[in-house]
Amino acid sequence: MITLAEVSKNFGNTRAVNNISFTVADGETLVLLGTSGCGKTTTLKMINRLIEPDAGTISINGQQINRDKPELLRRKIGYVMQNTGLFPHYTVAENIAVVPKLLKWDKEKTLGRTLELIEKFRLPKDCMELLPHQLSGGQQQRVGLARALVADPDIVLMDEPFGALDNVTRSGIQSEFKALEELKRKTIVMVTHDVQEAFELADRICLMDHGKIVQIGTPKDLLYKPVSEFARKFLDSQRLALEFKVITIKDIWEFLPLKLIKSEERALSSSTDVWSAMERLSSAGDYPVELFSDLETKQAKRINFQELSTAFHFYKQRAKYD
Ligand SMILES: Nc1ncnc2c1ncn2[C@@H]1O[C@H](COP(=O)(O)OP(=O)(O)O)[C@@H](O)[C@H]1O
Ligand SMILES: [Mg+2]
(Lines give C-alpha, C1' and ligand atoms only; values in the text may rest on other atoms or scores of the structure.)
(Ligands and ions follow the chains in the order given, each with its own letter.)
Protein backbone atom coordinates (compact mmCIF):
# COMPACT_ATOMS: atom_id res chain seq x y z
CA MET A 1 0.00 0.00 0.00
CA ILE A 2 2.77 2.48 0.94
CA THR A 3 6.20 2.20 -0.68
CA LEU A 4 9.29 4.30 -0.01
CA ALA A 5 12.14 3.78 -2.46
CA GLU A 6 15.61 5.19 -1.74
CA VAL A 7 14.23 8.25 0.03
CA SER A 8 16.57 10.89 1.46
CA LYS A 9 16.14 14.25 3.15
CA ASN A 10 18.83 16.71 4.28
CA PHE A 11 18.46 19.80 6.43
CA GLY A 12 21.59 21.81 5.67
CA ASN A 13 24.41 19.47 6.61
CA THR A 14 22.17 17.13 8.60
CA ARG A 15 21.29 13.92 6.80
CA ALA A 16 17.91 13.52 8.53
CA VAL A 17 16.87 10.58 6.34
CA ASN A 18 19.52 8.70 4.41
CA ASN A 19 18.43 6.46 1.54
CA ILE A 20 15.65 4.44 3.13
CA SER A 21 13.28 1.98 1.46
CA PHE A 22 10.37 0.02 2.88
CA THR A 23 6.88 -1.16 2.04
CA VAL A 24 3.87 -1.15 4.33
CA ALA A 25 1.23 -3.74 3.45
CA ASP A 26 -2.48 -3.09 3.38
CA GLY A 27 -3.85 -3.26 6.93
CA GLU A 28 -0.41 -3.50 8.51
CA THR A 29 0.93 -1.50 11.45
CA LEU A 30 4.56 -0.52 10.90
CA VAL A 31 6.31 1.17 13.82
CA LEU A 32 9.31 3.43 13.21
CA LEU A 33 11.47 2.96 16.31
CA GLY A 34 14.62 4.80 17.29
CA THR A 35 16.19 7.37 19.57
CA SER A 36 15.46 11.09 19.31
CA GLY A 37 16.82 12.69 16.13
CA CYS A 38 17.17 9.47 14.09
CA GLY A 39 14.75 10.67 11.39
CA LYS A 40 11.39 9.15 12.37
CA THR A 41 9.27 12.29 12.20
CA THR A 42 10.89 13.40 8.96
CA THR A 43 10.12 10.01 7.41
CA LEU A 44 6.50 10.18 8.56
CA LYS A 45 5.99 13.73 7.30
CA MET A 46 7.28 12.82 3.86
CA ILE A 47 4.44 10.29 3.53
CA ASN A 48 1.82 13.06 3.68
CA ARG A 49 4.06 15.67 2.05
CA LEU A 50 4.43 17.95 5.04
CA ILE A 51 8.08 17.51 4.04
CA GLU A 52 9.24 16.89 0.47
CA PRO A 53 12.11 14.40 -0.01
CA ASP A 54 15.34 15.48 -1.71
CA ALA A 55 15.66 12.13 -3.45
CA GLY A 56 13.71 8.92 -3.94
CA THR A 57 10.05 8.18 -4.52
CA ILE A 58 7.05 7.51 -2.31
CA SER A 59 3.99 5.73 -3.68
CA ILE A 60 0.59 4.89 -2.31
CA ASN A 61 -1.31 2.11 -4.07
CA GLY A 62 1.23 2.25 -6.88
CA GLN A 63 0.73 6.00 -7.48
CA GLN A 64 3.61 8.38 -6.81
CA ILE A 65 2.34 10.86 -4.25
CA ASN A 66 4.01 13.89 -5.80
CA ARG A 67 1.64 13.64 -8.76
CA ASP A 68 -1.34 14.72 -6.61
CA LYS A 69 -1.94 17.99 -4.81
CA PRO A 70 -0.71 17.71 -1.20
CA GLU A 71 -4.11 18.88 0.13
CA LEU A 72 -5.88 16.05 -1.68
CA LEU A 73 -3.37 13.54 -0.37
CA ARG A 74 -3.73 14.74 3.22
CA ARG A 75 -7.50 14.32 3.16
CA LYS A 76 -6.97 10.63 2.47
CA ILE A 77 -4.44 10.19 5.26
CA GLY A 78 -5.19 10.62 8.96
CA TYR A 79 -2.38 12.27 10.92
CA VAL A 80 -1.88 12.26 14.66
CA MET A 81 0.75 14.84 15.55
CA GLN A 82 3.39 14.64 18.25
CA ASN A 83 1.89 16.05 21.53
CA THR A 84 -1.66 15.77 20.10
CA GLY A 85 -1.28 18.96 18.02
CA LEU A 86 -4.83 20.05 18.87
CA PHE A 87 -5.68 23.68 18.12
CA PRO A 88 -5.79 25.24 21.61
CA HIS A 89 -8.45 27.85 20.80
CA TYR A 90 -10.75 25.43 19.02
CA THR A 91 -13.31 23.43 20.97
CA VAL A 92 -13.15 19.64 20.87
CA ALA A 93 -15.96 19.60 18.31
CA GLU A 94 -14.17 22.18 16.13
CA ASN A 95 -10.92 20.26 16.36
CA ILE A 96 -12.60 17.06 15.20
CA ALA A 97 -14.41 18.95 12.41
CA VAL A 98 -11.26 20.27 10.69
CA VAL A 99 -11.18 17.67 7.93
CA PRO A 100 -15.00 17.45 7.50
CA LYS A 101 -14.92 21.22 6.88
CA LEU A 102 -12.30 20.80 4.15
CA LEU A 103 -14.43 18.03 2.67
CA LYS A 104 -17.50 20.30 2.88
CA TRP A 105 -19.59 17.88 4.88
CA ASP A 106 -22.94 19.30 6.02
CA LYS A 107 -23.47 20.06 9.71
CA GLU A 108 -25.61 17.03 10.36
CA LYS A 109 -23.12 14.56 8.93
CA THR A 110 -20.25 16.15 10.87
CA LEU A 111 -22.22 16.14 14.13
CA GLY A 112 -23.32 12.54 13.64
CA ARG A 113 -19.80 11.33 13.01
CA THR A 114 -18.39 13.41 15.89
CA LEU A 115 -20.91 11.92 18.33
CA GLU A 116 -20.10 8.44 17.06
CA LEU A 117 -16.38 8.95 17.66
CA ILE A 118 -16.92 10.52 21.08
CA GLU A 119 -18.81 7.41 22.08
CA LYS A 120 -16.28 5.01 20.57
CA PHE A 121 -13.39 6.73 22.30
CA ARG A 122 -15.35 6.87 25.56
CA LEU A 123 -15.01 10.63 25.86
CA PRO A 124 -17.53 12.45 28.08
CA LYS A 125 -20.55 13.54 26.04
CA ASP A 126 -20.36 17.13 27.25
CA CYS A 127 -16.76 17.61 26.13
CA MET A 128 -17.71 18.89 22.68
CA GLU A 129 -17.77 22.53 23.73
CA LEU A 130 -14.66 22.35 25.92
CA LEU A 131 -11.19 23.52 24.94
CA PRO A 132 -8.36 20.96 24.81
CA HIS A 133 -6.67 22.26 27.99
CA GLN A 134 -9.84 21.50 29.94
CA LEU A 135 -9.38 17.78 29.23
CA SER A 136 -6.96 15.27 30.77
CA GLY A 137 -3.90 14.19 28.78
CA GLY A 138 -5.51 10.87 27.94
CA GLN A 139 -8.68 12.55 26.76
CA GLN A 140 -6.75 15.01 24.59
CA GLN A 141 -4.99 12.03 23.09
CA ARG A 142 -8.33 10.47 22.17
CA VAL A 143 -9.54 13.70 20.59
CA GLY A 144 -6.35 13.74 18.49
CA LEU A 145 -7.12 10.20 17.34
CA ALA A 146 -10.77 11.07 16.67
CA ARG A 147 -9.68 14.02 14.56
CA ALA A 148 -7.38 11.82 12.50
CA LEU A 149 -10.04 9.14 11.98
CA VAL A 150 -13.09 11.31 11.35
CA ALA A 151 -13.17 10.87 7.57
CA ASP A 152 -12.35 7.16 7.85
CA PRO A 153 -9.01 7.31 5.98
CA ASP A 154 -7.38 4.05 4.87
CA ILE A 155 -4.00 5.26 6.08
CA VAL A 156 -3.17 6.73 9.48
CA LEU A 157 0.18 8.26 10.43
CA MET A 158 0.89 8.70 14.14
CA ASP A 159 3.81 10.56 15.67
CA GLU A 160 4.52 9.47 19.26
CA PRO A 161 0.76 9.30 19.88
CA PHE A 162 1.17 8.28 23.52
CA GLY A 163 4.34 10.26 24.15
CA ALA A 164 2.80 12.89 26.44
CA LEU A 165 1.13 10.42 28.78
CA ASP A 166 2.30 9.01 32.09
CA ASN A 167 3.05 5.27 32.12
CA VAL A 168 -0.20 4.12 33.67
CA THR A 169 -2.42 6.11 31.31
CA ARG A 170 -0.18 5.07 28.45
CA SER A 171 -0.52 1.32 28.92
CA GLY A 172 -4.29 1.67 29.42
CA ILE A 173 -4.71 3.59 26.20
CA GLN A 174 -2.38 1.27 24.31
CA SER A 175 -4.51 -1.77 25.04
CA GLU A 176 -7.69 0.15 24.24
CA PHE A 177 -6.07 1.30 21.05
CA LYS A 178 -5.30 -2.27 20.01
CA ALA A 179 -8.92 -3.24 20.49
CA LEU A 180 -10.40 -0.35 18.48
CA GLU A 181 -12.55 -1.56 15.58
CA GLU A 182 -12.01 1.77 13.78
CA LEU A 183 -8.31 0.98 13.49
CA LYS A 184 -8.36 -2.72 12.67
CA ARG A 185 -8.40 -2.56 8.89
CA LYS A 186 -6.24 0.54 8.58
CA THR A 187 -2.72 0.81 7.30
CA ILE A 188 -0.79 2.50 10.09
CA VAL A 189 2.67 4.00 10.30
CA MET A 190 3.48 4.93 13.88
CA VAL A 191 6.53 6.62 15.34
CA THR A 192 7.87 5.92 18.81
CA HIS A 193 11.11 5.93 20.81
CA ASP A 194 9.56 3.49 23.30
CA VAL A 195 10.64 -0.12 22.76
CA GLN A 196 7.79 -1.65 24.79
CA GLU A 197 5.25 0.41 22.90
CA ALA A 198 6.70 -0.66 19.56
CA PHE A 199 6.51 -4.32 20.55
CA GLU A 200 2.99 -3.94 21.89
CA LEU A 201 1.51 -2.37 18.78
CA ALA A 202 3.59 -3.30 15.74
CA ASP A 203 3.08 -5.97 13.13
CA ARG A 204 6.58 -5.04 11.98
CA ILE A 205 9.16 -2.71 13.46
CA CYS A 206 11.52 -0.52 11.46
CA LEU A 207 14.51 0.22 13.70
CA MET A 208 16.28 3.42 12.66
CA ASP A 209 19.57 5.10 13.55
CA HIS A 210 21.14 8.25 12.12
CA GLY A 211 18.66 8.48 9.26
CA LYS A 212 19.14 4.87 8.18
CA ILE A 213 17.19 1.67 8.62
CA VAL A 214 19.09 -0.73 10.86
CA GLN A 215 16.55 -3.57 10.65
CA ILE A 216 12.99 -4.07 9.60
CA GLY A 217 11.07 -7.13 10.72
CA THR A 218 8.55 -8.65 13.10
CA PRO A 219 9.06 -8.21 16.85
CA LYS A 220 10.27 -11.83 16.92
CA ASP A 221 12.81 -11.14 14.15
CA LEU A 222 14.24 -8.24 16.13
CA LEU A 223 14.46 -10.30 19.30
CA TYR A 224 15.97 -13.46 17.84
CA LYS A 225 17.56 -12.42 14.57
CA PRO A 226 19.21 -9.05 15.24
CA VAL A 227 21.22 -8.02 12.15
CA SER A 228 23.88 -6.15 14.07
CA GLU A 229 25.37 -5.40 17.45
CA PHE A 230 23.40 -2.15 17.49
CA ALA A 231 20.10 -3.94 16.89
CA ARG A 232 20.84 -6.46 19.64
CA LYS A 233 21.94 -3.84 22.17
CA PHE A 234 18.93 -1.66 21.46
CA LEU A 235 16.63 -4.25 23.03
CA ASP A 236 18.96 -5.69 25.66
CA SER A 237 17.78 -3.77 28.71
CA GLN A 238 14.21 -4.89 28.18
CA ARG A 239 14.77 -8.21 26.46
CA LEU A 240 13.14 -10.55 28.96
CA ALA A 241 10.01 -8.41 29.35
CA LEU A 242 9.70 -8.21 25.57
CA GLU A 243 10.06 -11.98 25.20
CA PHE A 244 7.28 -12.61 27.73
CA LYS A 245 4.95 -10.41 25.69
CA VAL A 246 5.92 -11.60 22.23
CA ILE A 247 6.04 -15.36 22.79
CA THR A 248 2.69 -17.10 22.95
CA ILE A 249 1.50 -20.42 24.30
CA LYS A 250 1.27 -21.60 20.72
CA ASP A 251 5.00 -20.93 20.25
CA ILE A 252 5.99 -23.04 23.25
CA TRP A 253 3.24 -25.64 22.78
CA GLU A 254 5.56 -28.50 21.86
CA PHE A 255 7.62 -27.93 25.01
CA LEU A 256 4.65 -28.18 27.32
CA PRO A 257 4.13 -31.61 28.88
CA LEU A 258 1.82 -33.93 27.07
CA LYS A 259 -1.16 -34.01 29.37
CA LEU A 260 -3.82 -33.80 26.75
CA ILE A 261 -7.35 -33.37 27.92
CA LYS A 262 -10.57 -32.46 26.25
CA SER A 263 -10.78 -28.74 25.66
CA GLU A 264 -12.98 -27.02 28.16
CA GLU A 265 -14.76 -23.74 27.92
CA ARG A 266 -12.64 -21.96 30.46
CA ALA A 267 -9.44 -22.80 28.59
CA LEU A 268 -7.30 -19.86 27.57
CA SER A 269 -6.50 -19.57 23.90
CA SER A 270 -3.05 -20.60 22.73
CA SER A 271 -2.58 -17.09 21.32
CA THR A 272 -2.25 -15.87 24.93
CA ASP A 273 1.22 -14.41 25.54
CA VAL A 274 3.48 -15.99 28.14
CA TRP A 275 3.25 -12.94 30.38
CA SER A 276 -0.56 -13.10 30.63
CA ALA A 277 -0.43 -16.86 31.11
CA MET A 278 2.02 -16.44 33.99
CA GLU A 279 -0.18 -13.84 35.63
CA ARG A 280 -3.08 -16.22 35.39
CA LEU A 281 -1.13 -19.19 36.77
CA SER A 282 0.55 -17.30 39.59
CA SER A 283 -2.83 -16.25 40.94
CA ALA A 284 -3.89 -19.91 40.79
CA GLY A 285 -1.20 -21.07 43.23
CA ASP A 286 0.81 -24.31 42.77
CA TYR A 287 -2.10 -26.40 41.76
CA PRO A 288 -2.15 -27.09 38.00
CA VAL A 289 -5.49 -25.66 37.14
CA GLU A 290 -5.39 -23.60 34.02
CA LEU A 291 -5.98 -25.04 30.61
CA PHE A 292 -4.63 -23.80 27.35
CA SER A 293 -6.08 -24.90 24.11
CA ASP A 294 -4.81 -24.90 20.60
CA LEU A 295 -7.62 -23.75 18.38
CA GLU A 296 -6.37 -25.53 15.28
CA THR A 297 -5.84 -28.96 16.77
CA LYS A 298 -8.56 -28.52 19.42
CA GLN A 299 -6.10 -29.83 21.97
CA ALA A 300 -5.85 -28.58 25.51
CA LYS A 301 -3.12 -29.03 28.10
CA ARG A 302 -3.39 -28.55 31.83
CA ILE A 303 -0.19 -26.98 33.11
CA ASN A 304 1.26 -25.29 36.16
CA PHE A 305 3.57 -22.32 36.54
CA GLN A 306 6.74 -24.40 36.65
CA GLU A 307 5.89 -26.26 33.45
CA LEU A 308 5.15 -22.98 31.72
CA SER A 309 8.47 -21.40 32.64
CA THR A 310 10.40 -24.53 31.67
CA ALA A 311 8.74 -24.59 28.25
CA PHE A 312 9.51 -20.88 27.80
CA HIS A 313 13.15 -21.58 28.63
CA PHE A 314 13.38 -24.42 26.08
CA TYR A 315 11.79 -22.27 23.42
CA LYS A 316 14.36 -19.54 24.01
CA GLN A 317 17.22 -22.00 23.84
CA ARG A 318 16.06 -23.25 20.49
CA ALA A 319 15.31 -19.78 19.12
CA LYS A 320 18.90 -18.79 19.87
CA TYR A 321 20.35 -21.57 17.76
CA ASP A 322 17.86 -21.49 14.90
N1 LIG B 1 13.13 21.60 10.01
C2 LIG B 1 14.34 21.17 10.36
N3 LIG B 1 15.44 21.95 10.17
C4 LIG B 1 16.67 21.51 10.50
N5 LIG B 1 16.92 20.30 11.01
C6 LIG B 1 15.90 19.47 11.21
C7 LIG B 1 14.54 19.86 10.89
N8 LIG B 1 13.71 18.82 11.19
C9 LIG B 1 14.52 17.85 11.67
N10 LIG B 1 15.81 18.23 11.68
C11 LIG B 1 16.95 17.39 12.11
O12 LIG B 1 16.88 16.15 11.41
C13 LIG B 1 17.18 15.06 12.25
C14 LIG B 1 16.00 14.11 12.31
O15 LIG B 1 14.91 14.74 12.96
P16 LIG B 1 13.51 14.02 13.22
O17 LIG B 1 13.05 13.39 11.98
O18 LIG B 1 12.61 15.03 13.84
O19 LIG B 1 13.94 12.92 14.28
P20 LIG B 1 13.04 12.03 15.29
O21 LIG B 1 11.61 12.24 14.96
O22 LIG B 1 13.51 10.64 15.06
O23 LIG B 1 13.39 12.51 16.67
C24 LIG B 1 17.55 15.68 13.60
O25 LIG B 1 18.96 15.80 13.64
C26 LIG B 1 16.89 17.01 13.58
O27 LIG B 1 17.57 17.94 14.38
MG1 LIG C 1 10.05 13.03 16.25
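Is Glu243 buried or exposed? Glu243 is buried, with a relative accessible area of 4%, where buried means under 20% relative accessible area, exposed over 50% and partly exposed in between, computed with a 1.4 Å probe and protein chains only. Glu243 is found in helix 12, and its side chain is joined to that of Lys316 by a polar contact of 3.1 Å; a polar contact is a pair of N or O atoms within 3.5 Å, and within protein one must be able to donate a hydrogen and the other to accept it, while residues adjacent in sequence count only if both atoms are side-chain atoms.

This is a predicted model, in which local features need pLDDT of at least 70 and side-chain atom pairs count only at pLDDT 80 or more, whereas totals for chains, interfaces and linings use all residues. Residues are numbered from 1 along each chain as its sequence is written, chains are lettered from A and ligands numbered from 1 in the order in which they are written, and side-chain values use heavy atoms, with hydrogens and water left out.

The protein chain contains 15 helices and 14 strands, which are DSSP runs numbered from the N terminus (helices H or I with at least four residues, strands E with at least two). Its C-alpha atoms fill a box of roughly 60 × 50 × 35 Å along the principal axes, and 48% of its 322 residues count as buried.

Around ligand 1 stand Phe11, Thr14, Ala16, Thr35, Ser36, Gly37, Cys38, Gly39, Lys40, Thr41 and Thr42, a residue being near a molecule if one of its heavy atoms lies within 4 Å of it.

| Residue and atom | Distance to an oxygen atom of ligand 1 |
|---|---|
| Gly37, polar backbone atom | 2.6 Å |
| Gly39, backbone N or O atom | 3.1 Å |
| Lys40, side-chain N or O atom | 2.9 Å |

Of the 560 Å² of accessible area that ligand 1 has on its own, the protein covers 58%, by the Shrake-Rupley method with a 1.4 Å probe. Strand 2 (14-24) and helix 1 (40-47) are the elements that give two or more residues to the shell around ligand 1, and the largest share, 3 residues, comes from helix 1. The shell divides into 3 nonpolar, 7 polar and 1 charged residues.

The largest pocket has a volume of about 580 Å³. On a 1 Å grid over the protein atoms alone, a pocket is an open set of points with protein on both sides within 12 Å along at least five of seven lines, a cavity is a set where a 1.4 Å probe fits but cannot get out, and lining residues have an atom within 4 Å of a point. Of the 25 residues that line this pocket, Lys178, Phe199, Glu200, Leu201 and Ala202 are the closest to its centre. Helix 9 (195-201) supplies the largest share of the lining, 4 residues, and the lining as a whole divides into 11 nonpolar, 5 polar and 9 charged residues.

A search of the whole structure also finds 1 cavity of 30 Å³ or more. The largest cavity is lined by Phe121, Arg142, Leu145, Ile173, Glu176, Phe177 and Leu180, and helix 7 (167-179) gives the most to this lining, with 3 residues. Helix 7 is also among the elements that each supply at least two residues to the lining of the largest pocket.

Methods: Points joined across faces, edges and corners; volume = space filled by probe spheres on them. Nonpolar A, V, L, I, M, F, W, Y, C, P; charged D, E, K, R; others polar.
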